[in-house]
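Have the viewer open and take them one at a time.

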Amino acid sequence: MDGEFGGNLKQQLKKLFDESLKLTVSDEHGLEPLVAASDAKFRKLGDYQCNNVMGIWSILKPKCSQFNGAPALGQAIVSNLPTSELVKSCSVTGPGFINVVLSAEYMAKSIENMLINGIDTWAPTTSVKRVVVDFCSPNIAKEMHVGHLRSTIIGDTIARMLEYSKVEVLRRNHVGDWGTQFGMLIEYLFEELPGSDNEVVTTIGELQLLYRKSKRKFDHDPVFKEKAQHAVVRLQSGDPVYVKTWAKICEISRTEANKVLQRLQVKLEEKGESFYKPYIGNMIEELNNKGLVQESDGARVIFIKDFKTPLMLVKSDGGFTYSTTDMAALWYRLNEEKAEWIIYVTDAGQKEHFDLFFKAARKAGWLPDNDKTYPKVNHVDFGLVSGEDKKRFRTRAADVVRLIDLLDEAKTRSKAALIERGKDKEWTLEELDQTAEAVGYGALKFADLKNNRSTNYTFSFDQMLCDKGKTAVYLLYAHARICSIIRKSGKDMNELKNTGKIALDHVEERALGLHLLQFSETVEEASTKLLPHLLCEYLYELSEHFSKFYSNCQVNGSTEETSRLLLCEATAIVMRKCFHVLGITPVYKL
């Protein structure tokens, strides 16, 4: 451990305690120390705690007489802890809590190492090599709206966290391009615009209007409904006339969705339901050969214990369902793409579907029986976005809010705030526009990501664009202020990185240094638990630590200027990496 100055303190401490446990109770196997950053009330005792000594003692007590209680076991573990530059001291308190005080010198060297070798040296390590993140997934023939916001930015952030952890991420846009709505829409086009070759439909707005009309007819005209259902089967069986119209609809929808995704800086590879059509036949045959497929009222289904509704693979009319393509996609991702972890990001309303789907895959033997062993699957669900009236977020006309309108409004309001501060007189029009976009879009993303994804949240432009509190605006201001401090010093930071040294002597210097070093474990926890809000909390706390440091520790012109400028630079670098992982563009002056 000595001489290594990686960023993941928790991981390094766990290795030390693992070694100590093996020495302390060599006859026992499978015991694991739980190491965590100390809560605020224990921070005076140490920076980290090993807090499961009592649990370990309860396992050892019936068969081990060498310790007379958890505190004695804790003392033995401390005595056997390997010598390390990382640890300054340890103490055992209460019923066996082991408190660890870290070495300020070690922390300083670790930050210096990151400044010289880059923030990627703090990237978490993981055993997973390839992950599929299935997110965004707008419906074809419909504009992206506020309902797609959460899936898109939560999925993008999860993908970015894993990519930072050196995982190969296959970003999948599993668009709904093969279901009932297509039979409905195509049949309506054929009836209402016969012989036009559908060239009259060129925009997403026209498609949406036709979709609403076709849906009304589908719901109220039984003859049309039957025709539409037959149209789906003809499309899914590859009828060239239907496929040609379908391709046109997909092209219009894709072009429109890409405009929004580009503005959000979200990269995706589209592999919609239709992509998996060639794999459906063999997939069903494999499940049938395993004795899992049964007939039910003319349909082919898989019955799953504890579920009233079976998983339907083939409808009675021969058509396929979402479950069919989900099963085919999973088979493809496991067998062709060799993914070890497949993450589906959708709203909480689809929980039952994923529970049924995952259990069917386990019954087929595609996945292990437990959710700890790879390959594994996770449904990342999220709550609803409501308006300030606490109802589902809609326009005054009760329409679903278009995502592109949200982005426009965020940028417009951000620009107005900058102009109010006179920035239009200081900056070029291009600088004003780029900053308004970075702040507006960043505010929109952070306002969503800072919430635990499983909860609902209230959408408010006023709150998200506020320059105080836990907002992107406040954080971007904090970053710009750090950049200003560094600029005013007039120092060459590249030279300082290579020649300067950091000292963490002041209490606020040490607190800031410790928080910087907790970046790696925070990303690891957020990506393992699939909870982006943990990174948002970390970023906000980092800005608060920096504010206390700057208020109490003079930087420019002080005798500690070099050390403190390096701490400023380290903070700015970590903030920028947080922004990058959250999909937010940093600004350097505000």
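**Exercise 1. Is A572 buried or exposed?**

Solution. Start with the accessibility: A572 counts as buried because its relative accessibility is 0%. Here buried means under 20% relative accessible area, exposed means over 50%, and partly exposed is in between, with a 1.4 Å probe and protein chains only. Helices (H or I, at least four residues) and strands (E, at least two) are DSSP runs, numbered from the N terminus. Finally, look along the chain: A572 and V223 are 349 residues apart in sequence, and their C-alpha atoms are 64 Å apart in space.

A word on the ground rules before going on. This is a predicted model, in which local features need pLDDT of at least 70 and side-chain atom pairs count only at pLDDT 80 or more, while totals for chains, interfaces and linings use all residues. Residues are numbered from 1 along each chain as its sequence is written, and side-chain values use heavy atoms, with hydrogens and water left out.

**Exercise 2. Find the domains, and state how far apart the C-alpha centres of domain 1 and domain 2 lie.**

Solution. First, the division: domain 1 covers 9-102, domain 2 covers 130-339 + 341-374, and domain 3 covers 403-581. These bounds come from an automatic or database domain assignment. Then the distance: 50 Å separates the C-alpha centres of domain 1 and domain 2.

An unreviewed UniProt entry places the feature "domain: DALR anticodon binding" at residues 475-590; UniProt positions are given in the numbering used here, feature names are shortened, and annotations may be inferred rather than shown by experiment. Over residues 475-590 the chain is 74% helix and 0% strand, with its end C-alpha atoms 11 Å apart.

**Exercise 3. Which element gives the most to the lining of the second largest pocket?**

Solution. Begin with the definition: on a 1 Å grid over the protein atoms alone, a pocket is an open set of points with protein on both sides within 12 Å along at least five of seven lines, a cavity is a set of points where a 1.4 Å probe fits but cannot get out, and lining residues have an atom within 4 Å of a point. Grid points are joined across faces, edges and corners, and a volume is the space filled by probe spheres set on the points.

The second largest pocket has a volume of about 950 Å³. Its lining has 28 residues, and the closest to its centre are A37, S38, R43, H515 and Q518. At least two lining residues come from each of β1 (35-37), α19 (507-517), α20 (519-529) and α21 (533-552). The largest share is that of α21, with seven residues. Domain 1 and domain 3 each supply at least three residues of this lining.

By class, the lining has nine nonpolar, six polar and 13 charged residues. Ala, Val, Leu, Ile, Met, Phe, Trp, Tyr, Cys and Pro count as nonpolar, Asp, Glu, Lys and Arg as charged, and the others, Gly among them, as polar.

**Exercise 4. Why is α19 described as largely enclosed by the rest of the structure?**

Solution. Count the buried residues: nine of the 11 residues of α19 are buried, so the helix is largely enclosed by the rest of the structure. Among them are E508, R510, L512 and H515.

**Exercise 5. What is the strand order of the open sheet of five strands?**

Solution. The order is β7-β6-β5-β11-β12, with parallel pairing. Two strands pair if DSSP finds at least two bridges between them. The edge strands, each pairing on one side only, are β7 (269-270) and β12.

Next, look at one pair: β11 (residues 341-347) and β12 pair in the parallel sense over seven bridges. Along this pair, I342 stands opposite V377 and V345 stands opposite V380. Strand β12 (residues 376-382) is mostly covered, with six of its seven residues buried.

Last, step back to the loop between α12 and β12, where P375 is found. A cis peptide bond joins Y374 and P375, with omega about 0 degrees.
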